[in-house]
Amino acid sequence: MSNIGLNHFLIISSILFSLGIFGVVTRKNAVMVLMGIELILNAANINFVAFSAFGNFPLKGQMMALFVIVLAAAEAAIALAIVLNIYKNFNNVNVDEIDNLRE
Amino acid sequence: MNETTLVSLSLFILFAPLAGFLFTVLSGKKLKSAYLFEIFTISLVLISSITVLFVKLAYYTDKSIVSEIGWIDLGIVPVLGKIAIELGVMIDNISAIMLFVVALISALVHYYSIEYMKGDKRYNRYFAYLGIFTFSMMGIVLTHNILMMYIFWELVGLSSYLLIGFWYEKKSASDAAKKAFIVNRIGDLGMFAGILIIFITYHTFTFSKIFESIAAGVLPFNSEFWLSMTGILLFCGAIGKSAQFPLHVWLPDAMEGPTPVSALIHAATMVAAGVYLVTRIFVMLTGDAMLFIAIIGALSAFIPATIALTQTDIKKVLAYSTISQLGYMIMALGVGAYAFGFFHLVTHAFFKAGLFLGSGSVIHSMHHEQDIMKMGGLKKKMPVTYWTFLIFSLAISGIPLSSGFLSKDGILASALSFGSLTGYYIFAVTGFLVALLTAFYMFRLLILTFHGEPKDHHKYEHAHESPLLMIAPLVTLAILSFFAFYTMNPFDAQKGWVLSKWVTTPASVVPESARYPFMVQSGEVNHAEIHGNITHSVQYTEAMHSAHYPAMFISLFVAILGIFIAYMFYSKKKIDTDKLAGSLGPVYKFSLNKWYFDEFYQAVFVNGTIGLTLVLNWFDKYIVDGIVNGSAALTRMFSSISGFFDTYVVDGLVNFTAYFSGFVGIILRKFQTGKVQTYLILTVFSVLIIVLMYVNYL
C-alpha cells in the first residue's frame, strides 16, 4: 500500500475524466453521452476522496463524494426524462442532429 | 338763460348736424325724402346759434363760458408728470360769432342746394355730407383744446374730400379731392408737430392752460425761438386749411365740387378755419412768428390776385380771390390786427359765399357753362342774381357802405401803422396793390358775365332767373354785406359794436423780449386803454389813428381805379385786351398758367416722390432683398455643409458601427453550431488554455 500515493489516484481520475470527455464528445446517442457525464462525475469523486485521504481535510471530501453520487442519481433521472422528451419531439436521440439552438 | 343752458344749446348745435348726417346717410337709399330731416336739423341749428349769439353777446359779453369733462386721466406718468386730457367747449365772443356764421351759411347752402342739386342721383348723400361738414366745423369752433380742434380739423378735411369728389365719376373731381386731402395733410403734419411740442412742454391741450403757462414764463425747450417755432408749426395747419402760399394749389382744383359746396366750404367756413386757428393761438405768437405769418399772408394775398386777373372760369376767379382774401386775413393777424382779421373773416364769409352762390345761380341757368368768355348780357335775364352779385363785388372791392370796406380798410390801416412802427411798409404796399387787383378782376368778372352782348346765343336764350330757394339766400347774404350790421358809422368800424364790444384783441402772453414792442400785457406801463382792454401801446394807438385816413383814401382810390380800369377794358373796350395780352406775352402767360405752381409741384414733388420711390424700390430689390437673399443663400450653404457632414461623417460612423457589428456577427456566427458537443469541446479547450496560461503564469 505504501507505494500507492496521491499521484496514482490523480492519474486514474484524469484517465477516467478523459474517457468521460471522450465519451461525451464522440457518442451520438444521448444516453451514451449521459454515461460519459457519469464518468466525469466519478473522476471528480475520486479526486475528492483522494485529496481527502491524503490531505488535511478529514472526511470533508468523502462527504462531498457522497453528495455527488446522490446528485448524479438525481441528475440521471432528470436527464433521462429530458432524453425521453427529446425522443418524443425529434424521433431520435442523436445529439448531433438536434441543433435547434443554433437559430 | 343761464350758462348751463347756453352750453347745452351749443352742444345741440354741435351734435344735431351729426344726427342729421347719420339719419340721412343711413336711410337715404330707401327714403327718398331723407334729406328733409337734414334740412330740418340745420334749421334748428340756425335758430339755436342765433340764440347763442344773442344771449352770449347781450348777457355775457366779457366772459368766456367754458365747460369741460375729463376724458383721459393717465395719472402720474414717468418723466411727464400728471396728465389729464379734458374734452370741453368754450363759448367766447369769437366762437359765438363763428357759430352763427357757420350755421347761417350752412343753412342757406342747404336751402339753396334743394334746387341746385335737384335731379342728382346721390341727392340724399349730398345733404348727409353737408351735415357731417357742419358737425366738424362746429367742433372746430366750439372746442376749448387743441387736440379736439385737431380731430375736428381732420374731420373737416374728410368732409371736404367727400364733397369735392362728390361727382367722383369725373376724373378731374376725384383727382381734385385727392389733391385737396394730400395737400392739407402736409400742412396738418406741421400742426401735429406743434401740438406735440405743446403737449410735451405743458402736459395739456387746453388753450387757457397753455396760455397761463406761457404767461408764467414756461417756454418750449426753454427758448423763445422754440416758442416762435411752435407758433409757426401750428400755423402750418392754417397754411394747408386756409390754402395759403405755398399750399394754395388745392383750392382752385376744389372747384370741381358742386358750387354750393364751394360757397360753404371753400369760401366761407372751412378755409376760414385756418384763420380761426390763428386767432385762437394769437396770444402765444411771438414777434418772429407773427412776421412769418404776415409774410405768408402777403404772398398769399398777392400771388392769387395776379392769377385771378386772367382766369376765364367763373369759379376759378372766385377761388383765387378767396385765397387772396384769406391772405389778407392772415396778413392782418400777422401785423397784429387781430380784430380786423377776424372781422374780415366774418364779412368775407358773407359776401364770398354770396359770390359763389351767385355764380352757382349763373352756372345753373347757363346749363353748367362756367367760362365767362361765353357769357354776357345776363343782367336782363337774371336781375336779382345780377344786383346781389354787384353788391358782393362792391363789398369785396372795398367800396364804402359795404361790410367789405370796413374790414378791408381796417386791415390796410393796421398794415400801414405796422409799417410806421416797424419799418416793414411792404405789407401795406402789398395790401393796396391787392386791393387794386381785386377791384379789377371782380369787375372784369361782373362785366364779362352780366354786361355786354351775349356770346353764346343758344345758351343765352335758355337762361332764366333762378327759383326762389336759390334767390333768397343771395338776398339774405347781400343784406348782410351792408355796413349797418356791424357799425353805425360806415367809415370807421372801430366805433361799431362788433369791434368796440365783441371782438377785442386779447393781451399777449409772450415774454416781453419776444414780442413786438407795441403789444403789451395788462398792468404794464406805457399802454393805452382801448375800450378798457389793454393790448397795445400808446404808439400803436396813435399810429392807428394817423393811419386811418390815409389808408381809407388810398384804398378807396385803388378800388375805384380798379373798377374804372375794368370798365375801360371790358365795357367801353377802349383798350383791346387781346392785344394787351399779346404785348405782355410772357407776363400774361405766367398769370394764365397760375405761376406754374402746379407744373412746379408736379415736377419737383410728385415726380420727386416717384423718383424717390423708384430709388427706394431699387434699394429694396437689390440691397434689402439682396441682404435677405444673401443670408438665405449663406444659411443654405451652411446647411448643405452640415448636411454633407451628417450624411457622410455622422451617418457614416453610425453605419460603420452597424456594418462592423454585422461583420463580426458573420464571423462569430460560425461558432454557433447548435451542437452541444461542439460547445463542450470548445469549453474544454478554453478551460485547458486558461489552465495552461495559469500554469505558465505561476
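Helices are DSSP runs of H or I with at least four residues, numbered from the N terminus. Please keep in mind that this is a predicted model.

1. Just after H3(A), Asn91(A) adopts a positive phi of about 65 degrees.

2. H3(A) itself covers residues 60-90, which makes 31 residues. From first C-alpha to last, H3(A) reaches 43 Å, close to the 45 Å expected at 1.5 Å a residue.

3. How many of the 31 residues of H3(A) are buried? The number is 1, so H3(A) lies largely in the open.

4. Over in chain B, have a look at helix H14 (residues 338-365) and helix H20 (residues 468-480), whose axes come within 9 Å and cross at roughly 150 degrees. Angles over 145 degrees count as roughly antiparallel, so H14(B) is roughly antiparallel to H20(B). The crossing of H14(B) and H20(B) is left-handed.

5. Which residues bring this pair together? On the H14(B) side, the contacts include Phe350(B), Phe351(B), Gly354(B) and Leu357(B); on the H20(B) side, Met470(B), Pro473(B), Leu474(B) and Leu477(B) are among them. By class, the contact of H14(B) with H20(B) has 10 nonpolar, 3 polar and no charged residues.

6. Finally, the two chains: 9 residues of chain B are in contact with 9 residues of chain A. The side of chain B that touches chain A has 4 nonpolar, 4 polar and 1 charged residues.

Technical notes. Residues are numbered from 1 along each chain as its sequence is written. Chains are lettered from A and ligands numbered from 1 in the order in which they are written. This is a predicted model: local features need pLDDT of at least 70, side-chain atom pairs count only at pLDDT 80 or more; totals for chains, interfaces and linings use all residues. Axes are lines fitted to C-alpha atoms, for helices over the stretch in contact, and angles run from 0 to 180 degrees between N-to-C directions. Helices (H or I, at least four residues) and strands (E, at least two) are DSSP runs, numbered from the N terminus. Angles under 35 degrees count as roughly parallel, over 145 as roughly antiparallel, 65 to 115 as roughly perpendicular and the rest as oblique. A crossing is left-handed if the near helix is turned anticlockwise from the far one by less than a right angle, and right-handed if clockwise. Two residues are in contact if their C-beta atoms, placed from the backbone, lie within 7 Å. Ala, Val, Leu, Ile, Met, Phe, Trp, Tyr, Cys and Pro count as nonpolar, Asp, Glu, Lys and Arg as charged, and the others, Gly among them, as polar. The expected span of a helix is 1.5 Å times one less than its number of residues. A residue is buried if 20 or more other C-beta atoms lie within 10 Å of its own, exposed if 12 or fewer, and partly exposed in between; C-beta atoms are placed from the backbone.
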